Amino acid sequence: MKYQYLIFDVDGTLLNFYSAYAWAQQAVAKALGIEFTQEFVQTDEKLSWELWDEFGLSHVEDETVQQNYHPLYEAYLRKHFTCIAQAFGVEAEPDRALEAYYTALSSSREPMEPDTLEVYRALSRQHTMIIATNGMGQVQRSRLRDFLPITARLYISEEVGQIKPSPLFFKRILDQLPCAPDACLMIGDSLSSDMMGAKNAGMAACWYDHTGQGVSRQKAADYRISNLRELLSLA
């Protein structure tokens with residue numbers, strides 16, 4: 001056993017955020033009284049990218065964004081839903097849309113791979129399992145309920161007060177376990193949040209490259225896997 005602690009990201013690693021977001025899109029459309037069509041999906045995605053950049057949410061390396069991510073994210077969502085309503089000529093009800101969005105996300109627990117939970121359970125027999133995720137506490141706890149019984153500690157950015165890759169986020173983990181950084185392996189799909197944060201904290205990092213971006217970006221991590229089952233022989 002190379003690592004005592006395995007630290008897992010959630011969205012794009014344990015759980016499929018794309019399917020969760022698709023479900024949330026439908027819920028938002030219904031809450032706003034807009035027919036859920038391909039036009040809605042395209043408008044939603046266009047606005048999402050534009051406003052994401054406007055609110056600076058892609059700059060997770062920025063300390064100001066790390067410290068204020070959740071208020072910025074909620075402000076982004078409110079403007080997003082308001083702009084969608086305006087685009088389709090309906091009355092904007094961002095509070096209602098926001099509630100529908102979070103409720104839909106909370107109910108989505110589709111794993112990234114069919115055997116994700118099976119692999120996670122197998123790993124838990126020899127390792128201490130930790131989950132470290134950016135997101136809202138209530139939403140993520142609901143989505144993770146299949147994993148929590150075999151998870152020693154759960155770190156959610158809203159509750160920590162910082163997002164990955166903030167050094168303070170990873171310091172909280174190391175302070176509470178407590179352990180040396182080299183006893184930990186961070187597994188995640190994000191080079192900028194998971195890999196960068198872990199490496200800066202002195203942890204080993206395993207990039208879950210499920211989209212097949214290739215070995216050219218491998219240098220950001222110690223390991224690269226394309227499916228979670230590879231961890232059974234790696235960790």
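Here is a short walk through the cores, rings, pockets and cavity of this structure. Keep in mind as you look that this is a predicted model.

Let's begin on the inside. In soluble globular proteins, nonpolar side chains tend to be buried together. Here, the largest nonpolar core has 32 residues. Tyr73, Tyr76, Leu77, Phe81, Tyr101 and Tyr102 have the most contacts inside this core. Four helices, H1, H2 (38-54), H3 (63-87) and H4 (94-106), each supply at least two of the core's residues, and H3 gives the most, with nine.

Next, look for aromatic rings. A search of the whole structure turns up 15 aromatic pairs. Which residues do ring pairs link into a cluster? They are Phe17, Tyr21, Phe81, Tyr101 and Tyr102. You have already met Phe81, Tyr101 and Tyr102 in the largest core.

The structure holds one cavity of 30 Å³ or more, and the volume of the largest cavity is about 30 Å³. Tyr21, Ala24, Gln25, Val28, Asp44, Phe81 and Tyr101 line this cavity. Helix H1 (residues 17-32) gives the most to the lining, with four residues. By class, the lining has five nonpolar residues, one polar and one charged.

The largest pocket has a volume of about 1,500 Å³. Of the 45 residues that line this pocket, Asp11, Phe17, Tyr18, Trp52 and Asp189 lie nearest its centre. Several elements give two or more residues to the lining, including H1, H2, helix H9 (191-200) and strand E5 (204-208). Which helix gives the most? That is H3, with six residues. The lining is made up of 21 nonpolar, 15 polar and nine charged residues.

The second largest pocket holds about 170 Å³ of space. Its lining consists of Tyr102, Thr103, Ser106, Met136, Gly137, Gln138, Val139 and Glu158, with H4 and H6 as the elements that give two or more residues. Three of the lining residues are nonpolar, four are polar and one is charged.

One last stop is the backbone. Lys164 and Pro165 are joined by a cis peptide bond, with omega at about 15°. You can find Pro165 in the loop between helix H7 (157-160) and helix H8 (167-176).

Definitions and conventions
Residues are numbered from 1 along each chain as its sequence is written. This is a predicted model: local features need pLDDT of at least 70, side-chain atom pairs count only at pLDDT 80 or more; totals for chains, interfaces and linings use all residues. Side-chain values use heavy atoms; hydrogens and water are left out. On a 1 Å grid over the protein atoms alone, a cavity is a set of points where a 1.4 Å probe fits but cannot get out, and a pocket is an open set with protein on both sides within 12 Å along at least five of seven lines; lining residues have an atom within 4 Å of a point. Grid points are joined across faces, edges and corners, and a volume is the space filled by probe spheres set on the points. Ala, Val, Leu, Ile, Met, Phe, Trp, Tyr, Cys and Pro count as nonpolar, Asp, Glu, Lys and Arg as charged, and the others, Gly among them, as polar. A nonpolar core is a set of buried Ala, Val, Leu, Ile, Met, Phe, Trp, Tyr and Cys residues joined through side-chain atoms within 4.5 Å. Buried means under 20% relative accessible area, exposed over 50%, partly exposed in between (1.4 Å probe, protein chains only). Rings of Phe, Tyr and Trp (its six-membered ring) pair if their centres lie within 6.5 Å; planes under 30 degrees apart count as stacked, over 60 as edge-to-face and the rest as tilted.
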